[in-house]
Amino acid sequence: MSKLAPKDLEKYGIRDVESIIYNPTYSKLAEDEATKGECSFTDNNTAMVDTGIFTGRSPKDKYFVDQEPSNRHIAWGDINRPISKEIYNELFELTTNQLSGKELYVVDAFAGASESSRKSIRFITEIAWQAHFIENMFIMPTEDELENFEPDFVLYNACKATNPNYKEQGLNSDVYVVFNIEDNKAIIGGTWYGGEIKKGIFTMMNYWLPLEGKLSMHCSANVGKEGDVCLFFGLSGTGKTTLSTDPNRALIGDDEHGWDDDGVFNFEGGCYAKVIDLDPKSEPEIFNAIRPGALLENVVANEKGEVDYSNKSKTENTRVSYPIDHIDNHQTSLKAGHPKNIIFLSADAFGVLPPVSKLTKEQAMYYFLSGYTAKVAGTERGITEPVATFSACFGEAFLPLHPTDYAKLLGEKIDKHNVNVYLVNTGWTGGAYGVGKRMSIKDTRACINGILNGSINSADFEKIDVFNLDVPKSLDGVADNSILNPKNTWEDKDAYDKKLKELASMFIENFNRYNNSGSEFDFSIAGPKL
């Protein structure tokens with residue numbers, strides 16, 4: 001029975017609603033996904049959906065309403081584009097017209113497991129699988145919490161609506177993702193991709209929390225049996241989800257977290273993992289999480305519902321969302337204490353960064369503000385060789401404020417809680433992409449284990465030229481300790497030196513953007529030197 005009546009949505013501008021399906025059960029969602037033809041199902045009855053032409057986010061279609069006082073805090077530019085209140089009003093009417101007169105799904109959920117930091121979010125959509133995605137990805141309230149649930153923010157998803165007037169309005173396309181901070185609303189139109197919902201709320205958490213003196217982070221997190229918390233920062237494809245999912249440590253979350261005075265907490269109630277080339281032997285926890293209740297996106301299956309995870313014909317960005325209780329070893333509370341270790345993950349396709357380095361506080365700030373990884377051939381049209389990618393704070397696409405706002409909070413917390421910070425390369429060794437090979441998960445796990453059990457601190461260290469990184473000479477579990485110094489793995493040492501300097505120059509050029517950010521962010525001395 002719905003706890004909302006259709007008239008309750010009139011205050012949100014939605015009229016003549018046929019009925020409301022409120023916080024539906026997974027069985028109800030599966031029934032609707034099947035009867036409405038939204039999803040097909042695998043051989044173990046996991047729902048599969050195709051998100052249409054959009055198999056990833058549309059970053060050029062994201063806007064913030066330009067108004068006081070939020071426009072004084074937002075870092076305007078290519079990532080955070082302004083839109084006038086007048087154009088927003090036109091898009092809002094387009095959105096509410098699309099949702100009016102329909103049967104709608106309304107999901108009330110929390111973003112943030114910390115009661116002192118969480119936000120109450122109301123989601124409105126006409127699509128069953130999107131309600132499914134929302135229930136997987138956010139924290140579902142108890143019956144008692146729903147009794148007095150009042151949303152802090154409302155997200156309208158009108159994916160079937162497209163904007164015919166975008167050219168006259170000076171917008172990028174007929175797709176729109178718009179945040180109205182003062183009205184506590186977001187509207188989505190024209191794209192069916194589920195990740196827009198997830199990252200939309202992450203974007204807002206990245207606005208709210210730092211202004212409250214709390215750090216918001218694009219990272220995964222887990223906790224050991226002794227209560228030692230580890231954070232894993234990294235861009236897509238660096239291993240954030242895989243490496244934080246550990247049978248010996250409880251998973252707090254795989255992607256988005258906050259850090260307040262009580263410790264670390266998950267923003268979400270589920271995981272959103274890449275499944276391209278998913279291997280049950282190397283990633284059994286994720287593989288076993290794909291069962292009824294999970295939702296696969298853009299995978300290819302045969303008539304029997306058997307999924308071919310190696311098939312990239314729809315996209316390389318195949319995904320699965322699932323509630324975190326699909327991972328056997330997870331932190332039930334979705335929160336823990338302050339971190340003992342922080343790990344920055346980079347998939348270096350140039351093959352010159354070491355598998356693991358111990359960072360000073362200054363180096364930690366440098367690599368956090370750099371947010372480096374590399375794209376390789378085949379991941380995007382036109383890329384034929386490795387391309388360095390720098391995304392401040394390992395998530396610049398979702399940061400409404402200036403990167404240094406987040407870095408300042410991180411530095412303060414590293415100092416206050418005496419946190420160890422490491423850089424781990426999950427990319428290439430023995431040469432650049434096309435010559436060398438990808439770092440084995442086994443060796444990367446050994447590096448991670450050395451950090452988590454503290455054995456890395458008793459290792460002898462040596463310094464890598466140019467980047468001046470401290471690397472251990474040996475670590476338990478690494479098949480061949482010579483790989484810890486990447487130069488050892490290259491047959492052509494001159495080629496290594498050349499590639500090392502090439503990557504260093506890219507780091508230096510990128511970090512020039514912070515030259516005018518004040519002396520407290522003059523961390524270039526902690527970066528590579530040519």
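At what angle do H9 and helix H12 (residues 493-511) pack? The angle is about 85°, and the axes of H9 and H12 are 10 Å apart.

## Basis of the model

This is a predicted model, in which local features need pLDDT of at least 70 and side-chain atom pairs count only at pLDDT 80 or more, while totals for chains, interfaces and linings use all residues. Residues are numbered from 1 along each chain as its sequence is written, and side-chain values use heavy atoms, with hydrogens and water left out.

## Overall form

The protein has twelve helices and 30 strands; these are DSSP runs numbered from the N terminus, helices being H or I of at least four residues and strands E of at least two. Its radius of gyration is 23 Å, close to the 24 Å that the globule rule gives for 530 residues, so the protein is as compact as a globular protein of that length. The radius is taken over C-alpha atoms, and the rule is 2.2 Å times the number of residues to the power 0.38. The C-alpha trace spans about 70 × 55 × 45 Å along the principal axes.

H9 and H12 are roughly perpendicular to each other (65 to 115 degrees; under 35 counts as roughly parallel, over 145 as roughly antiparallel, the rest as oblique). Axes are lines fitted to C-alpha atoms, for helices over the stretch in contact, and angles run from 0 to 180 degrees between N-to-C directions. In H9, Tyr366, Tyr367, Leu369 and Ser370 meet Phe507, Ile508, Asn510 and Phe511 of H12, where contact means heavy atoms within 4.5 Å. The contact residues comprise six nonpolar, two polar and no charged (Ala, Val, Leu, Ile, Met, Phe, Trp, Tyr, Cys and Pro count as nonpolar, Asp, Glu, Lys and Arg as charged, and the others, Gly among them, as polar).

The axes of H9 (residues 361-370) and helix H10 (residues 403-417) come within 10 Å and cross at roughly 150°. That makes H9 roughly antiparallel to H10. On the H9 side the contact residues are Lys361, Ala364, Met365, Phe368 and Leu369; those they meet in H10 include Tyr406, Leu410 and Ile414. The contact of H9 with H10 divides into nine nonpolar, two polar and three charged residues.

## The eight-strand sheet

Eight strands form an open sheet of mixed pairing in the order E1-E6-E7-E8-E10-E9-E4-E5; two strands pair if DSSP finds at least two bridges between them. Strand E1 (19-22) and E5 are at the edges with a single partner strand each, so one side of each is left without a neighbour in the sheet. Strand E9 (residues 176-180) pairs with strand E10 (residues 185-189) in the antiparallel sense over five bridges. Val177 has Ile188 as its bridge partner in E10. H3 packs on this sheet, touching strand E6 (103-111), strand E7 (119-125) and strand E8 (153-158).

## The five-strand sheet

A mixed open sheet of five strands has the order E2-E3-E17-E20-E16. Strand E17 (residues 295-297) and strand E20 (residues 319-323) are antiparallel, with three bridges. Helix H3 (residues 128-137) lies across strand E3 (47-49), E16, E17 and E20, running at about 115° to E17.

## Backbone exceptions

Most residues other than glycine have a negative phi, and most peptide bonds are trans. Asn298 has a positive phi of about 65° although it is not a glycine, and Asn298 lies in the loop between E17 and strand E18 (300-301). Glu68 and Pro69 are joined by a cis peptide bond, with omega about 0°. Pro69 is in the loop between strand E4 (62-65) and strand E5 (81-83).
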